[in-house]
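Student: Could we go through this model together, starting with how its pieces pack? I'll ask as we go.

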Amino acid sequence: MERQGFTAMELSLPQQKELLRLARKTIADSCRQGLPPETPEGNFPPVFYEHRATFVTLQKQGDLRGCIGSLEVRRPLIEDIIYNAFAAAFRDTRFQPVSQAELTEIDVEISILSPLSEMSVSSEDDLLQQLIPGQDGLVIENAIYRATFLPQVWEQLPAAKQFLQHLKQKAGIPLDIWPDDMKCSRYSCLKFKEK
């Protein structure tokens with residue numbers, strides 16, 4: 001169910017494969033050279049230069065190995081993916097930097113986000129009623145806390161209450177409180193990965 005003004009972008013399969021290739025090349029080159037990436041030169045399709053927010057997720061043998069992204073649009077799609085691929089591999093503080101020896105064991109996944117859509121929410125129960133499991137990415141934030149879960153997190157946490165409780169934990173919000181100044185936004189995403 002698409003909501004008005006709430007669409008992720010569309011890319012052809014070859015375009016998806018090229019973005020995955022560029023993300024992997026960024027990580028591999030940075031492993032060898034120890035340098036942050038530069039925007040690649042080449043004749044890329046115009047859609048690669050649309051300004052979009054993205055996340056890059058790395059998995060190793062099915063387990064999370066790094067995930068960094070942008071919720072707000074900051075730069076062209078190709079630059080955001082390269083920046084986030086590098087950050088997921090080397091700047092995710094939950095993990096050691098990716099080593100060259102690991103490269104063959106890591107799978108790259110890219111998520112291209114739709115613009116955030118602010119929700120009108122009066123309470124935690126109200127939010128739970130509005131969420132669409134399996135589809136909504138969710139951002140919760142107030143003056144102190146902020147966290148997001150991509151739509152694919154529903155695969156591990158399929159119940160709305162469970163999804164929200166884990167997101168509150170990620171944000172550092174005690175499970176038994178709902179801050180008065182809480183803002184909630186949702187988004188959809190185009191997700192594609194290697195293999």
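**Packing, pairing and loops**

Tutor: Helix α4 lies across β5 and β6, running at about 140° to β6, where axes are lines fitted to C-alpha atoms, for helices over the stretch in contact, and angles run from 0 to 180 degrees between N-to-C directions. Helices (H or I, at least four residues) and strands (E, at least two) are DSSP runs, numbered from the N terminus, and contact means heavy atoms within 4.5 Å. This is a predicted model, in which local features need pLDDT of at least 70 and side-chain atom pairs count only at pLDDT 80 or more, while totals for chains, interfaces and linings use all residues. Residues are numbered from 1 along each chain as its sequence is written, and side-chain values use heavy atoms, with hydrogens and water left out.

Student: Which residues of α4 are buried?

Tutor: They are A160, F163, L164, L167, K168 and A171, buried being under 20% relative accessible area, exposed over 50% and partly exposed in between, with a 1.4 Å probe and protein chains only. Seen down the helix axis, the buried residues of α4 fall within an arc of 130°, so they line one face; that arc is taken over the directions from the axis to the C-beta atoms.

Student: And what do those buried residues pack against?

Tutor: Their partners are α3 (124-130), β5 (137-141) and β6 (146-149). Just after α4, G172 takes a positive phi of about 90°.

Student: What is the strand order in the open sheet?

Tutor: The four strands are ordered β4-β7-β5-β6, with antiparallel pairing; two strands count as paired if DSSP finds at least two bridges between them. β4 (117-119) and β6 stand at the edges with a single partner strand each, so one side of each has no neighbour in the sheet. From one strand to the next, the twist averages 25°.

Student: How many bridges join β5 to β6?

Tutor: Four bridges join these antiparallel strands, and the bridge partner of I140 in β6 is A147.

Student: Changing topic, which way do β1 and β3 pair?

Tutor: β1 and β3 (residues 106-113) pair in the antiparallel sense over eight bridges, and L58 has V108 as its bridge partner in β3. β1 is also joined to β2 by six bridges, again antiparallel, with T57 partnered by C67 in β2. As for cover, six of the eight residues of β1 are buried.

Student: What lies in the loop between β1 and β2?

Tutor: Q61 lies there, between β1 (53-60) and β2 (63-69), and the two strands form a hairpin with two residues between them. Phi of Q61 is near 50°, a positive value in a residue other than glycine. For context, most residues other than glycine have a negative phi.

Student: Is Q61 buried or exposed?

Tutor: Q61 is exposed, with a relative accessible area of 63%. D92, in the loop between α2 (77-90) and β3, counts as buried at 6% relative accessibility.

Student: What is D92 in contact with?

Tutor: Leaving aside neighbours within four places in sequence, D92 is in contact with G66, C67, I68 and A87.

Student: Last one: what does the UniProt record annotate?

Tutor: The unreviewed UniProt entry carries the annotation "domain: AMMECR1" over residues 14-195; positions are given in the numbering used here, feature names are shortened, and annotations may be inferred rather than shown by experiment. Over residues 14-195 the chain is 29% helix and 25% strand, and the end C-alpha atoms are 14 Å apart.
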